[in-house]
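Q: Hi, I'm new to this one and would like a quick tour. Could you walk me through it?

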Amino acid sequence: MPRLIAFLRAINVGGHNVTMLELREVFETLGLKEVETFIASGNVIFSSRPKDIRALEQKIEYQLLRSLGYEVKVFLRTVPEVAAIARYKPFDESQQSLAAALNVAFLTDPLNAEGEKSVISFKTEIDNFHVHGREVYWLCKTKQSDSKFSNTRFEKMLKARATWRNMNTIVRLAAKYS
């Protein structure tokens, strides 16, 4: 049975604190198998044979809303997709080796040309961006706290939800589940 990874946006915000056990139970009530959380509750791995990934994302979002009482956006990727993201090199090695952080945003749909242009407009002396498929890569040359970039600004400009993970987390997920 295929393994999927759910990247959750805003699971533990605004005073909410969902334990990994509670989160696994929510996923299991949907009939999903082999449910695990990874590092933090925002990453859930499970087995399923969905006919429609988008419909499964919506089903999980609805169950999280019912169980928790607040909205949590879900971004599903297959294990092979996560492995491809981990291998992908959006920036050359010299840029990456000098950077303080490399993060990846998960989107529901690929950006159109206007959306890609908007993402590139976030580029500064310390921030660089790259769009590839349903992911956006953010290379930060200094501490992220020094950057003026934020997910709130990103979502507002693109009128789309996203969740960000450090590339080290993606590499670890790929290594564990590939």
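A: Happy to! One term before we start: buried means under 20% relative accessible area, while exposed means over 50%. Also keep in mind that this is a predicted model.

Q: Thanks! Which residues of helix 6 are buried?

A: Helix 6 covers residues 151-158, and its buried residues are F154, E155 and L158. Seen down the axis of helix 6, these fall within an arc of 90°, so they line one face of the helix.

Q: And which exposed residues sit on the face turned away from that buried side?

A: That face of helix 6 carries T152 and K156, both exposed.

Q: What covers the buried residues of helix 6?

A: The cover includes strand 1 (3-9), helix 5 (113-120), strand 7 (135-140) and strand 8.

Q: What follows helix 6?

A: K159 does, and its phi is positive, near 55°.

Q: Let's switch to the sheet with strand 8. What is the order of its strands?

A: The order is 6-7-5-8, in an open sheet of four strands with antiparallel pairing. Strand 6 (127-132) and strand 8 (163-166) are the edge strands, each pairing on one side only. On average, neighbouring strands here are turned by 25° against each other, direction ignored.

Q: How many bridges link strand 5 and strand 8?

A: Four bridges, in the antiparallel sense; strand 5 is made of residues 101-106. Within strand 8, T163 stands opposite F106.

Q: On to helix 7. Which residues are buried there?

A: Helix 7 spans residues 167-177, and M167, T169, I170, L173, A174 and Y177 are buried in it. They line one face of the helix, because their directions fall within an arc of 155° seen down the axis of helix 7. On the other side, N168, R172 and A175 are exposed.

Q: What happens at the start of helix 7?

A: There, a side-chain oxygen of N166 comes to within 2.8 Å of the backbone nitrogen of N168.

Q: One last stop: where is N43?

A: N43 lies in strand 3, which runs over residues 40-47.

Q: Is N43 buried or exposed?

A: N43 is buried: its relative accessible area is 3%, and the cut-off for buried is under 20%.

Q: Which residues does N43 touch?

A: Leaving aside residues up to four places away in sequence, N43 touches A6, F7, E36, T37, F38, R165 and T169. With R165 there is a polar contact of 2.7 Å between the two side chains. Another of the touched residues, T169, is one of the buried residues of helix 7.

Note on methods: Residues numbered from 1 in each chain as written. Predicted model: local features only at pLDDT ≥ 70, side-chain atom pairs only at ≥ 80, totals over all residues. Heavy atoms only, no water. Pairing = 2+ DSSP bridges. Helix = DSSP H or I, 4+ residues; strand = E, 2+ residues; numbered from the N terminus. Axes fitted to C-alpha atoms, helices over the stretch in contact; angles between N-to-C directions. Buried < 20%, exposed > 50% of the residue type's maximum accessible area, 1.4 Å probe, protein only. Arc of directions from axis to C-beta. Contact = heavy atoms within 4.5 Å. Polar contact = N/O pair within 3.5 Å; in protein donor to acceptor, adjacent residues only side chain to side chain.
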